[in-house]
Amino acid sequence: PLADELRQLSYPVQVVPTSAGLASVARSALHLRRELKRVAPDVVHGDGIKGALVATIATAGTGIPVVWSKCDFSRDGWLGQAVARRCRRIAAVSRAVTESFDEELLERTTVVPLGIPEARVDRAAARAALEQVIGPGGPVVGLLGRFDPHKGHREVIAVLPELRKRVPGVRAAFFGVDDPAHGGYRAALKAEIAAAGLQDAVALSGFRENGIELIAGCAAVAIPSVVSRNGLGREGFSLVALEAMSVGTPVVAY
């Protein structure tokens, strides 16, 4: 979506698909290096660990500085530290995501918390907008995020039967895009919801532009992110939590 938005603003955009494989990263770095030599930028912005990795390889020996936006804990350890040492500056969304850095790396790091536009949402209208998407019914616990097992959809499904005993009619609503790294996950969730007899209690929807309005229409927002053995899934700074607090929707999170 960002590429299309930039093109509409008359910015030239090239998208270089890059998998997690070393060969793909190397090909992308070579492609980027050719472009950097052509346009001679003052700085390269690496967004996330993969963007920063490709950027630091592509700029090796060129003198072009790289600034890394570090928003999560992906590949913390030797790889994250190696990339950080090749960057001129690091902009971290929270102090938490810098926990693997030593004093030298912290000196080149600035913590810049994410911001959101001021939200003015009528909660009654927001509730009506939410029900237009998932249908009328009882109070809604929302989970907004891509369909990735780390986002904790199964955590909500697991507690929903007991929650419905305590709060009759309560429902869950999941909003987000399908994650290409986890193909079939949404279908698996649907099967698990059906097996638990919760078809009428859980709504699954795709990405919605009016996310802040949907959040305002929910009785609560859940952020039950789970962490895998390699550390993936930890939340560096949850925008959904910030958006929910900005409109007065309670947040339940690990």
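## The chain as a whole

Let's start with the parts list: the chain holds 10 helices and nine strands. Keep in mind that this is a predicted model. The C-alpha trace spans about 65 × 40 × 35 Å along its principal axes.

How much of the chain is buried? Of the 254 residues, 38% are buried. If you take contacts between residues at least 6 apart in sequence, 60% of them join residues at least 24 apart.

Now look for the open sheet, which is made of five strands in the order 7-6-5-8-9, with parallel pairing. Strand 7 (202-205) and strand 9 (251-253) sit at the edges; each has a single partner strand, so one side of each has no neighbour in the sheet. Going from one strand to the next, the twist averages 25 degrees.

Let's zoom in on one pair. Strand 5 (residues 140-144) and strand 6 (residues 171-175) run parallel and are joined by five bridges. Leu143 stands opposite Phe174 in strand 6, and Leu144 has Phe175 of strand 6 as its bridge partner.

## Strand 5 from both sides

Why is strand 5 described as largely enclosed by the rest of the structure? The reason is that five of its five residues are buried, and buried means under 20% relative accessible area.

Those residues point in two directions. Val140, Gly142 and Leu144 point one way from strand 5, while Val141 and Leu143 point the other way, and all are buried.

## Helices against the sheet

Which strands does helix 7 lie across? Helix 7 (residues 153-166) lies across strand 5, strand 6, strand 7 and strand 8 (220-223), and runs at about 165 degrees to strand 6. Helix 10 (residues 239-247) packs on the sheet too, where it touches strand 5, strand 8 and strand 9. The direction of helix 10 makes about 165 degrees with that of strand 8.

## The second largest pocket

Some of these elements turn up again around the second largest pocket, which has about 200 Å³ of space. Its lining consists of Val141, Glu155, Val156, Val159, Leu163, Ala220, Ala222, Pro224, Val252, Ala253 and Tyr254. Helix 7, strand 8 and strand 9 each supply at least two residues of that lining. The largest share, four residues, comes from helix 7.

What kinds of residues make up the lining of this pocket? There are 10 nonpolar residues, no polar ones and one charged one.

Is His150 buried or exposed? With a relative accessible area of 15%, His150 is buried, because the cut-off for buried is under 20%. Leaving out residues up to four places away in sequence, His150 touches His182, Ser225, Val226, Ser228, Leu232 and Gly233.

Next, go to Gly183, in the loop between strand 6 and helix 8 (185-195). Gly183 has 69% relative accessibility, so it counts as exposed, the cut-off being over 50%. Gly183 and Leu22 are 161 residues apart along the chain, and their C-alpha atoms are separated by 22 Å.

Key. Residues are numbered from 1 along each chain as its sequence is written. This is a predicted model: local features need pLDDT of at least 70, side-chain atom pairs count only at pLDDT 80 or more; totals for chains, interfaces and linings use all residues. Side-chain values use heavy atoms; hydrogens and water are left out. Two strands pair if DSSP finds at least two bridges between them. Axes are lines fitted to C-alpha atoms, for helices over the stretch in contact, and angles run from 0 to 180 degrees between N-to-C directions. Contact means heavy atoms within 4.5 Å. On a 1 Å grid over the protein atoms alone, a cavity is a set of points where a 1.4 Å probe fits but cannot get out, and a pocket is an open set with protein on both sides within 12 Å along at least five of seven lines; lining residues have an atom within 4 Å of a point. Grid points are joined across faces, edges and corners, and a volume is the space filled by probe spheres set on the points. Ala, Val, Leu, Ile, Met, Phe, Trp, Tyr, Cys and Pro count as nonpolar, Asp, Glu, Lys and Arg as charged, and the others, Gly among them, as polar. Buried means under 20% relative accessible area, exposed over 50%, partly exposed in between (1.4 Å probe, protein chains only).
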